Amino acid sequence: MDMSGKASEHFLAQIDRLVDWGLLAPRVMAISDRVNAEVPLGAVKMLLLARWYGLSETPLLEACQDRISFRRFVGLPLEDSAEDARLAEAFRRHAAQAPME
């Protein structure tokens, strides 16, 4: 499957529309409990992006800065904000270190 450009944007929009993220709240809380810190849902979505697109940390963070579809998916505003740094830090410190079940 081609995951570049419009195909990627469509895929992420479909996932966001089809997944009831609220149902994942207990799992996100479990991750937060394991790392003893609040892990935002956006950081968990970043883990999914990393897995789906085969991205390591630095390319993932760069893609979340540059790609509108990634920004929308993780819940970032379209323009740079302080939220970018907070979410990137949460990803680095907590979500990426918690094993996925």
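Author: A search of the whole structure finds four aromatic pairs. Rings of Phe, Tyr and Trp (for Trp, its six-membered ring) pair if their centres lie within 6.5 Å; planes under 30 degrees apart count as stacked, over 60 as edge-to-face and the rest as tilted. The model is predicted, and local features need pLDDT of at least 70, while side-chain atom pairs count only at pLDDT 80 or more and totals for chains, interfaces and linings use all residues. Residues are numbered from 1 along each chain as its sequence is written, and side-chain values use heavy atoms, with hydrogens and water left out.

One of the pairs is that of F11 and W52, which is edge-to-face, with 5.3 Å from centre to centre and 80° between the planes. Because F11 lies in helix α1 and W52 in helix α3, this pair ties together parts that are 41 residues apart in sequence. Helices (H or I, at least four residues) and strands (E, at least two) are DSSP runs, numbered from the N terminus. F11 counts as buried at 18% relative accessibility, whereas W52 is partly exposed, with a relative accessible area of 33%. Here buried means under 20% relative accessible area, exposed over 50%, and partly exposed in between (1.4 Å probe, protein chains only).

The pair of Y53 and F70 is tilted, because the ring centres are 5.0 Å apart and the planes stand at 55°. This pair links distant parts of the chain, with Y53 in helix α3 and F70 in helix α5, 17 residues apart. Both Y53 and F70 are buried.

Ring pairs also join F11, W21, W52 and F73 into a cluster.

Now the surroundings. The chain has six helices and zero strands, and buried residues make up 39% of its 101 residues. In soluble globular proteins, nonpolar side chains tend to be buried together. A nonpolar core is a set of buried Ala, Val, Leu, Ile, Met, Phe, Trp, Tyr and Cys residues joined through side-chain atoms within 4.5 Å. In the largest such core, which has 28 residues, M46 and L49 touch the most other members. At least two residues of this core come from each of α1 (5-18), α2 (25-35), α3 (41-53), α4 (57-66), α5 (68-74) and α6 (82-93). The largest share, eight residues, is supplied by α3.

M46 touches L60, L61, C64, V74, L87 and F91, not counting residues up to four places away in sequence. Contact means heavy atoms within 4.5 Å. Of the contacts in the chain with a separation of 6 or more, 61% are between residues 24 or more positions apart.
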